[in-house]
Each structure stands twice: as structure tokens, then as C-alpha cells.
Amino acid sequence: MLSAFSLVAGLVLFWALIVVGRRIDTPADTLALSPVAKVGSATVGVGMVGTIVFGVWLAFSVGNYDIWDGWIIAAIVLWFVGSGLGRQTGKEFLAAPMKAAELQSAGQTGPSEDLLALNRTSRGVLLQTLTSLVVLLILIDMIWKPGA
């Protein structure tokens, strides 16, 4: 349960960063979000590792379930899909801090339309939405165990 909570908490934190970041157009403000994003990354990472390790362990240790049960296979497949989507989401949102660091090192500290566009990435929002939906499907699968 703690792993799932960690995963969901990290996703919620990233949604908050997405909402806040949509208004940011300066390098300093963009870079100020980086420490919070690192906390979110660690929280999601702990949640992802914990859910797969604990989930597989649980499938082997509980007598009524087998690793080849359909709902367990579905959860594992969804976990891998969510993991891949999450990595792509992270790459998409890393473009803004990289651009902010580049602008700052060049001495440009004022508002930047390019930086604002990167902070408002619609592809990143789409990927975050898909990742969140996959995590929701995993939770639904694990709670109701369809076909069990």
C-alpha cells in the first residue's frame, strides 16, 4: 500500500508542477522547480519499484493467486507501459530546465517565449495524462482483481 501511495503522491506532485509551470517564463523560476521535481522523481521511483517487487512477491506468496492469473499479468503489462510512458514524460519536461540553464548561462534572465512554450508542452501533458490513466488502471486491477 505504501508503494502505491508513493506512486500516486509523486504523480499528484508532478501534476502540481505542470500547473505551476504553465505560467513560468523565466530561467530562474523554471530552475527553482527542479528540486521539487527531484523529490517527485524519487517518490515515483520508490513507488514503481515497490509496487512491482511487492506485487510479484504477493502473487507468489498468497495461496489463492498465481503469477499467470490474468489480472496479475494485466497489472505487470500495465506497469511496464506506465514505466515507459513515465520515462517519456520525464524527458519531455526536462527540456524546460535544460533550456533555462542554457539561457541563464548566456546571461538571459528575463522572460522567454521559448521557455514558456517548453513549460507549456502539450505533448508532456498528454504523456502525463496517459501515465496517470495507466496507474489508475493498475490500481483498479489490483483492487477488484477482474477474473480472479
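R123 counts as partly exposed, at 43% relative accessibility. In this scheme, buried means under 20% relative accessible area, exposed means over 50%, and partly exposed lies in between, using a 1.4 Å probe and protein chains only. The model is predicted, so local features need pLDDT of at least 70 and side-chain atom pairs count only at pLDDT 80 or more, while totals for chains, interfaces and linings use all residues. Residues are numbered from 1 along each chain as its sequence is written, and side-chain values use heavy atoms, with hydrogens and water left out.

**Exercise 1.** State how many helices and strands the protein has, and the order of its elements.

Solution. Helices (H or I, at least four residues) and strands (E, at least two) are taken as DSSP runs, numbered from the N terminus. The count gives 6 helices and 0 strands. Read from the N terminus, the order is α-α-α-α-α-α. The C-alpha atoms fill a box of roughly 65 × 20 × 20 Å along the principal axes.

**Exercise 2.** Find what share of the residues is buried, and what share of the contacts joins residues 24 or more positions apart.

Solution. Of the 148 residues, 31% are buried. A contact means heavy atoms within 4.5 Å. Among contacts with a separation of 6 or more, 79% are between residues 24 or more positions apart. Accessible areas come from the Shrake-Rupley method with a 1.4 Å probe, and for residues only the protein chains shown count as cover. The protein exposes about 8,700 Å², of which carbon and sulfur atoms supply 71%.

**Exercise 3.** Identify the salt bridges and place their partners in the chain.

Solution. Side chains of opposite charge can pair when their charged atoms come close. A salt bridge here is a side-chain nitrogen of Lys or Arg within 4 Å of a carboxyl oxygen of Asp or Glu. The whole structure holds 2 of them.

- E92 pairs with R123, their closest N and O atoms being 2.9 Å apart. This pair links distant parts of the chain, with E92 in helix 4 (residues 70–105) and R123 in helix 6 (residues 122–144), 31 residues apart.
- K99 pairs with E102, with closest N and O atoms 3.5 Å apart. The two are 3 residues apart in helix 4, so about one helical turn separates them. E102 is partly exposed, at 48% relative accessibility.

**Exercise 4.** List the residues that form a nonpolar patch on the surface.

Solution. Patches take residues with over 30% relative accessible area and no salt bridge; like charges are joined within 9 Å, and nonpolar side chains (Val, Leu, Ile, Met, Phe, Trp, Tyr) within 5 Å. The patch consists of L126, L130, L133, L136, L137, I140, I143 and W144, with about 800 Å² of accessible area together. L126 is in helix 6.
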